[in-house]
Amino acid sequence: MRSGRDESAGSVVWLLLALIALGGGVATASEMRGALEREREFRAAPVCASVPVKASGCLWEQDFTVRKAALHRGSKRLAPEAELLLPSGKSWQVTFRQTDPVVSGLEPGDKVVGLIWHGRVVEVRDTHGQRQETSSGPLEWPEDRLGGTLACLSFGLTALVGSLWPLFARGNRRQAKAATVVRWHGVGLGGAAILTLWAQAANDWPMWSIPAIWGPIALLLLASMVAFAIAALRGDLDDDPSTRQVHPPLPPPPTGLRDESAHS
């Protein structure tokens, strides 16, 4: 009785995790679509014919002088930032997602070129030609969102199936074990997506490499999940001695036959 309650409680926990993952996957997918549209708009933006007097969709390069730069290393709340001065003396405050490669080498008095788009500095270029996107930059890494979508949805769907299954088949140990197999294979699917995203980012591969690598791995994991679930339903994974089929020992041969074989 207690074991059944524990299994039901565990299924409810997995169900909550599945719903959270599915919600995160849907949200990440919508963000990925917006990031791709903004990136396409930026790459198709023309160069401004003259200095824009208001926020515009064209691109304008503006010379700045660095007044100060703060890296905020070790801080989780403060992003790297720099204060840039126009030739007129007007100050522009910009922040960055990371410290390298440009902002980490900025010193007061350095000259930089800022790329302005929609009234914001979206990129900074130093005198060595190195470029770094600011926090307002349009290149929002849709690859990260694709990897997150694959991880959340693949885990969420399998965890949802694995959590609802035992709730509708209470008391059936084999079906509960098959549901456990499904749930943990979902963890493998999500983990494979995260590792694929890490490999893509580390090697600077194109975005299409994420589904190209994760797809075959996911198929192998799904095939393994089906095979182990079938084995669990058949009882091949049972570890309870009470469920095993015990064969009685063979009876000894009759006494007369044993004596005759001894005389011969």
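Analyst: Two strands are taken to pair if DSSP finds at least two bridges between them. In this predicted model, strand β1 (residues 60–70) and strand β2 (residues 81–85) pair in the antiparallel sense over 5 bridges. Within this pairing, A70 stands opposite E81 in β2. E81 in turn stands opposite T95 in β3, where β2 and β3 pair in the antiparallel sense, again over 5 bridges.

β1 also has β4 as a partner, and the two are joined in the antiparallel sense over 6 bridges. Here F64 has V112 of β4 as its bridge partner.

These pairings belong to an open sheet of 6 strands, ordered β3-β2-β1-β4-β5-β6 and paired antiparallel. Its edge strands are β3 (91–95) and β6 (131–133), each of which pairs on one side only. On average, neighbouring strands of this sheet are turned by 40 degrees against each other, direction ignored.

A search of the whole structure finds 4 aromatic pairs. One of them joins F42 and W117, with 5.3 Å centre to centre and 70 degrees between the planes. Because planes over 60 degrees apart count as edge-to-face, the pair of F42 and W117 is edge-to-face. F42 lies in helix α1 (residues 2–43) and W117 in strand β4 (residues 111–117), so this contact ties together parts that are 75 residues apart in sequence. Both F42 and W117 are buried. Elsewhere, ring pairs link W14, F155 and W184 into a cluster.

How values were computed: Residues are numbered from 1 along each chain as its sequence is written. This is a predicted model: local features need pLDDT of at least 70, side-chain atom pairs count only at pLDDT 80 or more; totals for chains, interfaces and linings use all residues. Side-chain values use heavy atoms; hydrogens and water are left out. Rings of Phe, Tyr and Trp (its six-membered ring) pair if their centres lie within 6.5 Å; planes under 30 degrees apart count as stacked, over 60 as edge-to-face and the rest as tilted. Helices (H or I, at least four residues) and strands (E, at least two) are DSSP runs, numbered from the N terminus. Buried means under 20% relative accessible area, exposed over 50%, partly exposed in between (1.4 Å probe, protein chains only). Axes are lines fitted to C-alpha atoms, for helices over the stretch in contact, and angles run from 0 to 180 degrees between N-to-C directions.
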